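I opened my notebook to write down what I looked up in this structure, one topic at a time.

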Amino acid sequence: MINNKIYLYYLNIDNITEDIYRREYHKLTKNRKDKVDHYINLKDKKLSLGAEVLLKYGLNNLNLKFDNIIYKNEKPYFENENIYFNIS
């Protein structure tokens, strides 16, 4: 159980090379791929891709499963978990 702790994860998108981008893109959910593909600017594509990559990384560190996320009004949350997070 996680109690009263704050975890901060960040990603410098300048470190996302073309090889990393291609590798991680193929691991994205269809919904995230659609969002990434919507963008024209490479910076925006990397930001969108990085959001899911970083979320999966953080959840893995907390032994939580990405597949357990529920979306309500396009906002992700965990049902029956006392965990709150924000991606920006």
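I began with the aromatic pairs and found two of them in the structure; rings of Phe, Tyr and Trp (its six-membered ring) pair if their centres lie within 6.5 Å, and planes under 30 degrees apart count as stacked, over 60 as edge-to-face and the rest as tilted. Y9 and Y57 make an edge-to-face pair, with 5.6 Å centre to centre and 85° between the planes. This pair links distant parts of the chain, since Y9 lies in the segment before helix 1 (18-25) and Y57 in helix 3, 48 residues apart. Helices here are DSSP runs (H or I, at least four residues), numbered from the N terminus. I noted that Y9 is partly exposed at a relative accessible area of 28%, and that Y57 is partly exposed at 48%; buried means under 20% relative accessible area, exposed over 50%, and partly exposed in between (1.4 Å probe, protein chains only).

Before going on I wrote down that this is a predicted model, in which local features need pLDDT of at least 70 and side-chain atom pairs count only at pLDDT 80 or more, while totals for chains, interfaces and linings use all residues. Residues are numbered from 1 along each chain as its sequence is written, and side-chain values use heavy atoms, with hydrogens and water left out.

Next I turned to Y21 and Y25, whose ring centres are 6.2 Å apart with planes at 20°, so the pair is stacked. Y21 and Y25 are four residues apart in helix 1, which means a separation of about one helical turn.

Which residues of helix 1 are buried? I found Y21, E24 and Y25, and they cover an arc of only 100° around the axis, so they are on the same side of helix 1; the arc is that of the directions from the helix axis to the C-beta atoms. Helix 2 and helix 3 are among what covers these buried residues.

I then followed V36, which is found in helix 2 (residues 30-38) and is buried, with a relative accessible area of 0%. Not counting residues up to four places away in sequence, V36 touches Y21, Y25, L28, K45, S48 and L49, where contact means heavy atoms within 4.5 Å.

One of these contacts, K45, has its place in helix 3 (residues 42-61). K45 is buried yet has no salt bridge, and the nearest side chain of opposite charge, D37, is 4.7 Å away. A salt bridge is a side-chain nitrogen of Lys or Arg within 4 Å of a carboxyl oxygen of Asp or Glu; Lys and Arg count as positive and Asp and Glu as negative, while His and the chain ends are not counted.

Searching the whole structure, I found seven salt bridges. One of them joins R22 and D19 at 2.7 Å, N to O, and E18, D19 and R22 are linked in a network of salt bridges. Another joins E24 and R23 at 3.2 Å, N to O, where E24 is buried at 14% relative accessibility and R23 is partly exposed at 47%.

My last entry is on K56, which forms a salt bridge with E52, the closest N and O atoms being 3.1 Å apart. The charged end of K56 also sits over the ring of F66, 5.0 Å from its centre; this requires NZ of Lys or CZ of Arg within 6 Å of the ring centre and within 35 degrees of the ring normal.

Notes. Helices (H or I, at least four residues) and strands (E, at least two) are DSSP runs, numbered from the N terminus.
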